[in-house]
Amino acid sequence: MAGREVRNRVLVLDDGADNAQIERVLKALDSLNRIRILRYLSDRMASVNDIAAALDLPASTTSLHVETLEDAGLIRSELEPASRGLRKVCARMFDRIVLDLP
């Protein structure tokens, strides 16, 4: 993978993980659009509006998906100044998610 940064941020969900966290992560992954958002954020930070435009989704729908991904801890968001008010910029937290069933 020449020219591409290799990262290995791994979320491991095993018998030591909180059941509520496992449920939030699995719920977040139970949507093709949320998977698309995670893939889009693989090598970039992007605003909710940029994500919506790139994935051809309504901004309101994208915002709800981003909230679900944040609740699961799969992405983080920060508010940044924009030309009018603030904009929410998102980044993916993990490159791999491992579910280890005991």
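Guide: Lys and Arg count as positive and Asp and Glu as negative, while His and the chain ends are not counted, and the place of a charge is taken as NZ of Lys, CZ of Arg, CG of Asp or CD of Glu. By that count the chain has 15 positive and 16 negative side chains, and the centres of the two sets lie 6 Å apart. This is a predicted model, in which local features need pLDDT of at least 70 and side-chain atom pairs count only at pLDDT 80 or more, whereas totals for chains, interfaces and linings use all residues. Residues are numbered from 1 along each chain as its sequence is written, and side-chain values use heavy atoms, with hydrogens and water left out.

Visitor: How many helices and strands does the chain have, and what makes a stretch count as one?

Guide: Helices (H or I, at least four residues) and strands (E, at least two) are DSSP runs, numbered from the N terminus. On that basis the chain has four helices and five strands, which follow one another from the N terminus as β-α-α-β-α-α-β-β-β.

Visitor: What makes β2 and β4 count as a pair?

Guide: Two strands pair if DSSP finds at least two bridges between them, and β2 and strand β4 (residues 86–92) have two bridges in the antiparallel sense, so they meet the cut-off. One of the residues involved is Ser 47, whose bridge partner in β4 is Val 89. Between β3 and β4 there are seven bridges, again in the antiparallel sense, and Pro 81 has Leu 86 of β4 as its bridge partner.

Visitor: Why are β2 and β3 said to stand at the edges?

Guide: The three strands form an open sheet in the order β2-β4-β3, with antiparallel pairing. Because β2 (46–47) and β3 (75–81) each have a single partner strand, one side of each is left without a neighbour in the sheet. Helix α4 (residues 59–71) packs on this sheet, touching β3 and β4, and its direction makes about 125° with that of β3; such angles run from 0 to 180 degrees between N-to-C directions, with axes fitted to C-alpha atoms, for helices over the stretch in contact.

Visitor: In which sense do β1 and β5 pair?

Guide: Strand β1 and strand β5 (residues 96–99) pair in the parallel sense over four bridges, and Val 12 has Val 98 of β5 as its bridge partner. Strand β1 (residues 10–13) has a covered face, Leu 11 and Leu 13, and an uncovered one, Val 10 and Val 12. In a regular strand the side chains alternate between the two faces of the sheet.

Visitor: Why is Thr 62 called buried?

Guide: Buried means under 20% relative accessible area, exposed over 50%, and partly exposed in between (1.4 Å probe, protein chains only). Thr 62 in helix α4 has 0% relative accessibility, so Thr 62 counts as buried. Leaving aside neighbours within four places in sequence, Thr 62 is in contact (heavy atoms within 4.5 Å) with Ile 37, Val 48, Ile 51, Ala 52 and Leu 57.

Visitor: How do you know whether Asp 56 is buried or exposed?

Guide: At 70% relative accessibility Asp 56 is over the 50% cut-off, so Asp 56 counts as exposed. Asp 56 lies in the loop between α3 (48–55) and α4, and has a positive phi of about 55° although it is not a glycine. Most residues other than glycine have a negative phi.

Visitor: What share of the chain is buried?

Guide: Buried residues make up 31% of the 102 residues in the chain.
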